[in-house]
Amino acid sequence: MYWAVFGLIAVAMVSCLAGFLMTARLYTADGGSMQNTIRVGDDMWLQKGDTVRRGDIVAYTIPAGGYGRIPSGTYIKRVIGLPGDRVACCDARGDVTVNGQALHEQAYLHPGDKPSAFAFSATLKPGQVWVMGDDRKISYDSRGYGPVPEQYVTGRVLQVDRGLSGKLMTTPATFVADGLAPPDDRAPTALLLLFAVMVLFVVLVLDGGLGIVLWSARRRRAHRQALAAGQVI
């Protein structure tokens with residue numbers, strides 16, 4: 001019975017680990033286009049397969065040979081517009097607008113940056129997203145190469161780790177306030193699975209250690225009983 005429980009814990013841990021490996025990916029930032037939200041050297045936990053919302057930070061991978069004016073490689077940017085949206089800059093106050101709604105981006109833009117140093121306007125077709133970096137003065141993004149096909153988006157950034165600290169990425173308030181995205185109540189499934197793996201591993205080690213102690217105790221007790229009965233010389 002004891003080892004059956006041990007086996008069930010092991011199966012649960014392996015299942016959670018498999019789920020984590022299927023849904024998560026770890027990237028290390030090697031460019032500065034998302035500063036200060038993501039700095040060079042930061043680690044990013046990505047959840048694959050999530051539905052993309054406006055305001056999400058996502059990774060997209062352009063295959064070998066590139067796509068249009070986008071060179072091949074993996075990019076990390078913020079989604080500003082979804083299929084069917086009209087994205088433009090700049091309104092009378094210098095803000096980026098989505099379907100006529102002005103974005104107030106100061107919370108995530110690199111300090112001192114304008115929403116855009118040049119004007120643009122685009123209506124997205126089905127299967128297209130508009131992406132921009134948070135450091136607008138250096139970011140090469142949809143303003144330069146146009147919309148990105150949704151099929152190249154591999155997932156959204158769940159958490160950014162900087163040194164010993166980590167920060168969950170949630171939908172910026174400006175997208176929620178303007179009705180461009182719902183309040184972010186999505187569970188960080190990949191991180192929860194990783195946490196479950198770590199907890200179950202600790203339980204498995206403790207359970208296994210307890211099993212060895214109990215087994216050793218039974219062996220010693222049986223040995224003492226055998227000595228008392230004169231069965232061991």
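**Close-up views of a predicted model**

View 1. His110 sits in the loop between β7 (101–102) and β8 (120–123); helices (H or I, at least four residues) and strands (E, at least two) are DSSP runs, numbered from the N terminus. This is a predicted model, in which local features need pLDDT of at least 70 and side-chain atom pairs count only at pLDDT 80 or more, while totals for chains, interfaces and linings use all residues. Residues are numbered from 1 along each chain as its sequence is written, and side-chain values use heavy atoms, with hydrogens and water left out. With 17% relative accessibility, His110 counts as buried (buried means under 20% relative accessible area, exposed over 50%, partly exposed in between, with a 1.4 Å probe and protein chains only). Its side chain makes a polar contact with the side chain of Lys137 (3.4 Å). A polar contact here is a pair of N or O atoms within 3.5 Å; within protein, one must be able to donate a hydrogen and the other to accept it, and residues adjacent in sequence count only if both atoms are side-chain atoms. Setting aside neighbours within four places in sequence, His110 is in contact (heavy atoms within 4.5 Å) with Gln35, Asn36, Asp134, Asp135 and Lys137.

**View 2. Asp134, one of the contacts of His110.** Look for Asp134 in the loop between β9 (128–132) and α2 (142–145). Asp134 counts as buried, at 0% relative accessibility. The side chain of Asp134 makes a polar contact with that of Thr37 (2.6 Å). Asp134 and Met34 are 100 residues apart in sequence, yet 4.5 Å apart in space, C-alpha to C-alpha. Beyond its neighbours within four places in sequence, Asp134 has contacts that include Ser33, Arg78, Tyr108, Leu109 and Asp113.

**View 3. The largest pocket.** A pocket is an open set of points on a 1 Å grid over the protein atoms alone, where a 1.4 Å probe fits, with protein on both sides within 12 Å along at least five of seven lines; lining residues have an atom within 4 Å of a point. The volume of the largest pocket is about 420 Å³. Its lining has 24 residues, and Thr37, Arg78, Tyr108, Lys167 and Met169 lie nearest its centre. Both β11 (153–162) and β12 (165–168) supply at least two residues of this lining. By class, the lining has eleven nonpolar, seven polar and six charged residues (Ala, Val, Leu, Ile, Met, Phe, Trp, Tyr, Cys and Pro count as nonpolar, Asp, Glu, Lys and Arg as charged, and the others, Gly among them, as polar).

**View 4. The second largest pocket.** This pocket has a volume of about 240 Å³, where a volume is the space filled by probe spheres set on the grid points, joined across faces, edges and corners. It is lined by 14 residues, with Asp30, Gly31, Thr74, Tyr75 and Ile76 the closest to its centre. Two or more lining residues come from each of β1 (24–28) and β4 (73–81), and β4 gives the largest share, four residues.

**View 5. The disulfide of Cys89 and Cys90.** The sulfur atoms of Cys89 and Cys90 are 2.1 Å apart, and a disulfide is a pair of cysteine sulfur atoms within 2.5 Å. The count by this rule is one disulfide. The torsion about the S-S bond of Cys89 and Cys90 is about 75°, so the disulfide is right-handed. Cys89 is buried, with a relative accessible area of 6%, whereas Cys90 is partly exposed, at 37%.
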